[in-house]
Amino acid sequence: MKRHDLGIAVIGAGRIGTLRARLAAKHPAVRFLAVSDRDPARAKALAETAGANLHSTDNDAVIAHPAVTAVIVSTPEQEHVTPVCAALARGLPVLVEKPLALTLAGADEILGSLRARNGDLRVGYSRRYKECFLRAKEQMLHHRLGKVVGGTARVYNSRAQAFAILKRDPHATPVLDVLTYYVDLMCWFLDGNRPVEVVARGQHGIFRDAGYGAHDVTWAIVTFQDGAVINLGVSYALPARYPTLGQSDRVEVLGTEGTMIIDDDHMDHLLFSEKGVPHAYVPDHAVEMAFLGSNTAGDWAVGDFWGPLGNETRAWLDSLATGAATVHTTPAQARINLETTIAIERAVASGEAVRLPFEG
């Protein structure tokens, strides 16, 4: 059934919530937009920027508004569970940012609510909606690599962005908050082939000295159910003025009949400016040299927002309006992603292999 009267509630008026709200406001099927944030000034500012019909500090009131037909949850990671469950209780479709939760107990509470109401929930792993990874998935659908036997994915960023994330939530480590994207990508490429064992090592230093438990560098070897072996690595401890404005990554997939290498470091578009280049994620932080295109969500250009988060948001809204299928991460896969990243951190802490799924 086609719908042209969507009412969207955006819960959380931070950077991602702001982008989602502004994108929703421009969608032709959206007729009502409400925003909520515990900070009244931020809620009001976003409402004015996006032209929302309603703003509030009361998430429940916004979710319960009769004009709201779907909900986007863009709160900090540790605050996903309550608004997601409230929206599912109303029978509303939900798009929630990754990770699904920061604990398996939180994820299971969401999944229990989803099953009880036969709800509609998608998780915002926006790397799936970056063009290079969409192209890669297309090749996997055509089986052009044969059987996948191994691969690697590593992602770098500067400590400036890492500190911004950790200040928001010290539990949102680079593994749980960022490497999860690449767990998701590899599971997507391997088409339901789930991880069964993790071996990992990490290195403390910069973040520990600043009072956080996160590792500066983490490397993991993840074995999948059919024997494929994937190397995953993350470091968000590069110098603060390193030119990346977000994720600089490289992904490789090895098969029995081919290989695929995706260079997503963004060194192909370099800008140097003595005026400084602002960082979209970290307020009051600028660099003189920047890898353009490395902003993880995408970029504003000529009056509109382009990139993975824009593609993902529009695809979800299009699906609500037309019923079209999407490639958003399912809640079940999001839980596997969470369990795998928790396993990586457990393997680092113990120095021993961790089996998946967890017992009990």
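I11 touches S36, N59, V62, I63, V71, I72, V73, S74, T75 and P83, leaving aside residues up to four places away in sequence; a contact here means heavy atoms within 4.5 Å. This residue is found in strand β1 (residues 6-11). Helices (H or I, at least four residues) and strands (E, at least two) are DSSP runs, numbered from the N terminus. With a relative accessibility of 0%, I11 counts as buried, the term for under 20% relative accessible area, with exposed meaning over 50% and partly exposed in between (1.4 Å probe, protein chains only). Between I11 and N53 there are 42 residues in sequence and 14 Å in space, C-alpha to C-alpha.

The model is predicted: local features need pLDDT of at least 70, side-chain atom pairs count only at pLDDT 80 or more, and totals for chains, interfaces and linings use all residues. Residues are numbered from 1 along each chain as its sequence is written, and side-chain values use heavy atoms, with hydrogens and water left out.

**Overall fold**

The secondary structure of the protein comprises 11 helices and 17 strands. The radius of gyration is 20 Å, close to the 21 Å that the globule rule gives for 360 residues, so the protein is as compact as a globular protein of that length. This radius is taken over C-alpha atoms, and the globule rule is 2.2 Å times the number of residues to the power 0.38. Along the principal axes, the C-alpha atoms fill a box of roughly 55 × 50 × 40 Å. Of the 360 residues, 56% are buried. Among contacts between residues at least 6 apart in sequence, 70% join residues at least 24 apart.

**The sheet around β7**

An open sheet of 7 strands has the order β12-β11-β7-β10-β9-β8-β17, with mixed pairing. Its edge strands are β12 (259-264) and β17 (354-355), each of which pairs on one side only. Two strands pair if DSSP finds at least two bridges between them.

| Strand pair | Sense | Bridges |
|---|---|---|
| β7 and β11 | antiparallel | 8 bridges |
| β7 and β10 | parallel | 8 bridges |
| β11 and β12 | antiparallel | 6 bridges |

Individual partners locate these pairings in the sequence. G150 has L254 in β11 as its bridge partner, while the partner of V155 in β10 is V234. V253 stands opposite M260 in β12. Strand β7 (residues 148-158) is largely enclosed by the rest of the structure, because 9 of its 11 residues are buried.

**Helices**

Helix α8 (residues 174-189) lies across β7, β8 (195-203), β9 (217-224), β10 and β11, and runs at about 150 degrees to β10. Axes are lines fitted to C-alpha atoms, for helices over the stretch in contact, and angles run from 0 to 180 degrees between N-to-C directions.

The axes of α8 and helix α6 (residues 131-141) come within 9 Å and cross at roughly 30 degrees. The two helices are therefore roughly parallel to each other, as angles under 35 degrees count as roughly parallel, over 145 as roughly antiparallel, 65 to 115 as roughly perpendicular and the rest as oblique. On the α6 side, F133, L134, A136, K137 and M140 meet L185, W188 and F189 of α8. By class, this contact has 7 nonpolar, no polar and 1 charged residues. Ala, Val, Leu, Ile, Met, Phe, Trp, Tyr, Cys and Pro count as nonpolar, Asp, Glu, Lys and Arg as charged, and the others, Gly among them, as polar.
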